[in-house]
Each structure stands twice: as C-alpha cells, then as structure tokens.
Amino acid sequence: MVSLKRRTFKEAAFDQANNVLMLAICFATLYPIWYVLVNSFNDGNDAMRGGIYWWPRMFSLDSYKAVFANDGIMLAMGITVAKTLVGTVVHVFFTAMVAYAFSRRELIGRPIYMVMGTITLFFSGGLIPYYLLIRDLGLLDSFWVYIIPAMFSFFDLIIFLSFFREIPDALEEAAKIDGANDFKIFYQIILPVSMPVVATIALFHGVYQWNDYFTGMIYINKSELQPIQTYLYRVVAQSSSNQMVAATTGSIAKTVSSQSIKLATMVVTTLPIVIAYPFLQKYFVKGFMIGSIKG
C-alpha cells in the first residue's frame, strides 16, 4: 500500500511538472507574438522609451493608419491573395492528375518514375542552376514564377497516391463499362470522392504560398509584383520603414516611428494566416494520417 501511494505521488508530481513545462513552452511561444501586437498598438514615439510588456501605455492606431495608407502594402497583399488562390488551384489539380496516373498499375516505367521522384525529395540542383532555369524559361519578373515552378510536388503526390490506392477498383471498372475514358473518370469520379485529401493538399499549399517570401526576393525585381511576405522582409531588414515614416504626413507623422511601422506591418502580414490556421489544423493532421492505417 505504501509503495502504491509513493508511486501515485510520483506520478502526480510528474504530471504537475509536465503541466508546468507545457505552460512555460506555451508562454515562450505566445509572448513574443503578444509583445509585437501590444507595441504595434502603442504610440510609436512613446514605445521607443521601452517598458511596454503586457498592455499599450498610450493606445494608438496611427501606425496601422500609416501602413494602410501605403499603396505598396495593399498592392503586395493583392499579389499574395492572387498567387495563393491561383497557385493552390493549379497545384492541387496538376498534382492530383499526375498522382492518378502514378496509381495506375499499367503505367509503363512507374518504378523508375517513383525512384526519380524520391531522389528529388533529398537532392536538388542548387540555387544557381535553378535561377538560370527560371531565367531561360522567361519567368523572371513575371507573376507566373509563383505558379508554374510550384505546380507539382512529389511529397504531395505521395499523399494523393496513398488515398487513390484506397478507392475501390469497382468504381473505375463500372465507369469504363459505361464508356468513360481516363479523363472523365478522373474529373467525375476520382476527384469528387477525394475531397478530404484535396482539401488537405489545398491547405498545405495555400499556407506555403501565403508564407513564401523567398521567390519574390530572388526572382522578382518589380515592386508591383512582390508579395506581402517579401514586402515585410524589406520593411524589417531594409530601410523601407524609414521611407514610410518620411512619407507619412499630418498628425500621424508625430506619433509613429520606424519601429512601430515595422511591428504594425508584421501584424498585418501574419494576422490572416494566424487566424485561419487553428481552423485548418485538423486537415493538416488528417493529411498526415492518410494511408497510415490499413484494414
């Protein structure tokens, strides 16, 4: 009995320590976000004094007014929304089509294609050859540089392939008896019954497209084609925030600083995906679970 009580006490102490550790990790993860949010809503000049940790000392929306008054950030937001929508739709349908072809047993050379695709998951040609390829394709300073290179992902193909293999062959056989060809089977039968994995891949790629700043930084020189994440990078890492302060006029100019504009830009850039992610997380989990359980 004494041994059982000791073991129970140790388990309770371990659970309590584990809970404290989890709370500490959550605090360390969430507090930087809260710190940025609080300081972005504070008067810019007052925030430069420091000492703001939990709540704005002098509440002000002037930093956000300066951000939204900037035409560049609105244009960048539009580019991001457009490339996220177009890129996600194109990626999902093209990758699903290739995965459907891979799921056919009669595909000639399928083992070779699988090996070649698997190699690409671990090795790449490097940035310089890839840049030269993009240049030779005429995609530099083009909106399509966000879409065409990201049309296909072998990792997403594997997820699609795992789901397609679980679809009963009787569905396709019945469609072929009715005279349907492969394209009709794919669009009218396979895709409608594959909505869970389609939604999963759409969320995977949508989040990638929204967060991608590297493509705009390397392959785009035109400011009107830069996405919001690249714009954020330039505001934080370069002197764009000082230029925004200089361009600010009226009473707002007296209550903003380069630091407050940086923080407000960060919030505007990341808030949409931060709000959407908790609602999309279950699809991410489902996507990784597809094909993991047999029976």
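A pocket is taken here as an open set of grid points with protein on both sides within 12 Å along at least five of seven lines, and its lining residues are those with an atom within 4 Å of a point. In the predicted model described here, the largest pocket is lined by 29 residues, of which Tyr 130, Pro 149, Ala 150, Phe 152 and Ser 153 lie nearest its centre. The space within this pocket amounts to about 800 Å³. Its lining draws at least two residues from each of H4, helix H5 (110–120), helix H6 (127–136), H7, H10 and helix H11 (214–219), and H6 makes the greatest contribution, with 4 residues. Sorted by class, the lining of the largest pocket comprises 18 nonpolar, 10 polar and 1 charged residues.

The second largest pocket holds about 240 Å³ of space, and its lining is made up of 2 nonpolar, 1 polar and 9 charged residues. Among the residues that line this second pocket are Arg 104, Arg 105, Glu 106, Arg 110, Arg 165, Asp 169, Glu 172, Glu 173 and Lys 176, together with Ser 103, Phe 164 and Ile 167. Helix H8 (residues 169–177) supplies the largest share of this lining, namely 4 residues.

With regard to the overall fold, the chain contains 14 helices and 0 strands. Of its 295 residues, 37% count as buried. Among contacts in the chain with a separation of 6 or more, 70% are accounted for by residues 24 or more positions apart. The unreviewed UniProt entry places the feature "transmembrane region" at residues 20–38, 73–100, 112–131, 143–164, 185–208 and 261–280. Over residues 73–100, the model is 100% helix and 0% strand, with the end C-alpha atoms 40 Å apart, while over residues 185–208 the chain is 96% helix and 0% strand, with the corresponding atoms separated by 30 Å.

The largest nonpolar core contains 23 residues, and Phe 160, Phe 164, Ile 190 and Ile 201 are the members that touch the most others. At least two residues of this core come from each of helix H4 (71–102), helix H7 (154–164), helix H9 (182–193) and helix H10 (195–211), with H7 giving the most, 7 residues. A second, separate core of 18 residues includes Tyr 64, Val 67, Leu 263 and Ile 273.

Helix H7 is largely enclosed by the rest of the structure, because 8 of its 11 residues are buried. These buried positions are Phe 154, Asp 156, Leu 157, Ile 159, Phe 160, Leu 161, Phe 163 and Phe 164. For Phe 164, contacts beyond the neighbours within four places in sequence are made with Ala 96, Ala 99, Tyr 100, Ser 103, Ile 190 and Ser 194.

When neighbours within four places in sequence are left aside, the contacts of His 91 are with Ala 150, Met 151, Phe 152, Ser 153, Asp 156, Ile 201 and His 205. Of these partners, Ala 150, Phe 152 and Ser 153 are also included in the residues that lie nearest the centre of the largest pocket. Thr 80, likewise located in helix H4, counts as buried at 0% relative accessibility. With residues up to four places away in sequence not counted, Thr 80 touches Trp 210, Pro 227, Ile 228 and Gln 229. The C-alpha atoms of Thr 80 and Leu 225 are separated by 9.2 Å, although these residues are 145 positions apart along the chain.

A further local feature concerns backbone geometry. Most residues other than glycine have a negative phi. Asp 141, by contrast, has a positive phi of about 55 degrees although it is not a glycine. This residue, Asp 141, is found in the loop between H6 and H7 and is partly exposed, with a relative accessible area of 23%.

Terms used: Residues numbered from 1 in each chain as written. Predicted model: local features only at pLDDT ≥ 70, side-chain atom pairs only at ≥ 80, totals over all residues. Heavy atoms only, no water. Core = buried A, V, L, I, M, F, W, Y, C linked by side-chain atoms within 4.5 Å. Buried < 20%, exposed > 50% of the residue type's maximum accessible area, 1.4 Å probe, protein only. Contact = heavy atoms within 4.5 Å. UniProt positions renumbered as here; feature names shortened; annotations may be inferred. 1 Å grid on protein atoms, 1.4 Å probe; cavity = no way out; pocket = protein on both sides within 12 Å on 5 of 7 lines; lining within 4 Å. Points joined across faces, edges and corners; volume = space filled by probe spheres on them. Nonpolar A, V, L, I, M, F, W, Y, C, P; charged D, E, K, R; others polar.
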